Amino acid sequence: MISSDRVAHVLADVQADVETVAGVQVVGRLVNACQQALPITGAGLSWLTDHGQRGLVAATDTTAQLVEELQFSLGEGPCIESSQSRRPVLLPDLTRLASQRWPAFTAGALGAGVAAIFAFPLQVGAISVGVMDMYRDVVGPLSVADLAEASAFASAGTIMLLHLQASTRYPDVHPFLATSLISRAEVHQATGMVAVQMDVDLGTALVLLRSRAYAADRDIVDIAHDVVNRRIRFEP
Amino acid sequence: MSRESQIGRLFVTLADTLVDDFDVVELLHTLAEACVELLDVDAVGLMLADLRGGIQLVAFSPESLQSLEMFELQVDEGPCLDSFRTGEAVVNMSITNALQRWPRFTAEAHAAGIVATHALPLRLRGEIIGAMNLMSASEQMLAEADIALGQALADVATIGLLQQRAIREQSLLAEQLQTALNSRVMIEQAKGVLAERTGTTPAEAFRDLRRYARSSGTTLASVAHAVIEGTLETASQSLGRAPFGRSATAGVDSRLGGFAQHPIH
């Protein structure tokens, strides 16, 4: 259990002038603060649901963003495992073992210059609400002290997500969380369309979309766009 | 059982509340009864703050003196309320002082046979969640050791209470977050399902879904869920569209319209 004083400190630092800066993306500040506090190159925070859905909330750079997008497109990766096992997944050297567990993800991440990844689940009891992915462009583990700090940031991220929810009138979704829903809306729509076209369930439909994207070496968002605009049709 | 063993047992019981599911009322009764025994007082009352900033009596031992504590709340004066409001212990007041400070309460207390009252706050890192009232039928000063013990017992109970409350609040928020996000995704998926079934665009399907939700008085999320599940035989007449690739009138129920669907999970 991480010292709650440390978590409170992180939150206080990040939200110091939030009152005066309207609409500031506090989660963006959190990942930036995380990147500065730790020997990592970048970090991203994503929400996850028990239905296997996900979305990026904030990332320090485009590589961190890619780490999230790869996992969404491929449906595989360390943060997915992290959230399922409810434990951090620490990969100080992405070239070792990772390629066996998540071959497509590893290839994509290495290609983008990612050498090490550390994924921390954002948990509320047994409920997984998200994940924080931290990466570095050189191999090497995080020290014990760094791991404690990283966990404090993950706890702060969890609390932040809950704060966002608390400040929103249920069942609305907070704008910071909605951006990823909007940018991936066509993927979800395409999933529905493919499910009917192929007479399969939604989970299978998403797998079909992912496979098509992978085979064509295109982003799943692009494939989905074509499906929605009826340029691509799936036939049984 | 020796006094030391009793104290030890009680701390273990209270500490258990930090890990297990537990019953708040049960905890507080345990605390109240133990204080009567260990601190050699004749009655103990426990009050907890409610959500509106007020305070409620939650446990009392023995039951027979409960009305005195209720009286304190009713007249809004007394050692327990002072302790709650200041976060400080209120102990070993002389009768003169007590009469001066809480005239109505002290008078009632005397009438009930209570001569001395003390109160300790339920407090954790600046948050005061309630107070504990200790009452004696004899003119009795609480020794330092007893005050310390009473506060220690109250502190352990406080940790458990706050943790439980925080966990409950956090779990509720986490569930709301999950449900809200899942619903939004489901609505997008339903747009796709409906668009494909009726040969329209997701945007048009969305308009149909919203119209149907409004006219049937249900939420968009539940309509989306039903479309996906195939339990809502929509698409045609009820949504004002001809079904894609099929005759608009073939085997159609005029109210719901539509054709049998395979449920899509």
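What we have here is a predicted model, in which local features need pLDDT of at least 70 and side-chain atom pairs count only at pLDDT 80 or more, while totals for chains, interfaces and linings use all residues. Residues are numbered from 1 along each chain as its sequence is written, and chains are lettered from A and ligands numbered from 1 in the order in which they are written.

First, chain A as a whole. Chain A has 11 helices and 5 strands, where helices (H or I, at least four residues) and strands (E, at least two) are DSSP runs numbered from the N terminus. The radius of gyration of chain A is 18 Å, close to the 18 Å that the globule rule gives for 236 residues, so chain A is as compact as a globular protein of that length; the radius is taken over C-alpha atoms, and the rule is 2.2 Å times the number of residues to the power 0.38. Along the principal axes, the C-alpha atoms of chain A fill a box of roughly 55 × 45 × 30 Å. Of the 236 residues, 47% count as buried, the criterion being 20 or more other C-beta atoms within 10 Å of the residue's own, with 12 or fewer for exposed and partly exposed in between, and with C-beta atoms placed from the backbone.

Now to the sheet. The 5 strands form an open sheet in the order β2-β1-β5-β4-β3 of chain A, with antiparallel pairing, and two strands pair if DSSP finds at least two bridges between them. At the edges stand β2 (54–59) and β3 (89–91) of chain A, each with a single partner strand, so one side of each has no neighbour in the sheet. From one strand to the next the twist averages 20 degrees. Helix α3 (residues 62–74) of chain A packs on this sheet, touching β1 (42–48), β2, β4 and β5 of chain A, and its direction makes about 35 degrees with that of β1(A); axes are lines fitted to C-alpha atoms, for helices over the stretch in contact, and angles run from 0 to 180 degrees between N-to-C directions.

Which way do the residues of β1(A) point? A:Gly42, A:Gly44, A:Ser46 and A:Leu48 point one way and A:Ala43, A:Leu45 and A:Trp47 the other, and all are buried. Strand β1(A) is joined to β5(A) by 6 bridges and to β2(A) by 5 bridges, with A:Leu48 opposite A:Arg54 in β2(A). The hairpin of β1(A) and β2(A) has 5 residues between the strands, and there A:Gly52 takes a positive phi near 80 degrees. Further along the sheet, 9 bridges join β4 (residues 116–124) to β5 (residues 127–136) of chain A, and A:Ile117 has A:Tyr135 as its bridge partner in β5(A).

Some backbone details deserve a careful look. A:Arg86, in the loop between α4 (78–85) and β3 of chain A, has a positive phi of about 60 degrees although it is not a glycine, and with 12 C-beta neighbours inside 10 Å it counts as exposed. The peptide bond from A:Tyr170 to A:Pro171 is cis, with omega near 5 degrees, and A:Pro171 lies in the loop between α7 and α8 of chain A.

Let me turn to the contact between the chains. This contact takes 33 residues from chain A and 30 residues from chain B, two residues being in contact if their C-beta atoms, placed from the backbone, lie within 7 Å. On the side of chain A that touches chain B, α9(A) gives the most, with 10 residues.

Finally, the cores, each a set of buried Ala, Val, Leu, Ile, Met, Phe, Trp, Tyr and Cys residues joined through C-beta atoms within 7 Å. The largest nonpolar core has 92 residues, and those with the most contacts inside it are A:Leu30, A:Ile117, A:Met132, A:Met134, A:Phe153 and B:Ala190. Helix α7 (residues 144–198) of chain B gives the most to this core, with 12 residues. A second, separate core of 41 residues includes B:Leu28, B:Met47, B:Ala131 and B:Ala154.
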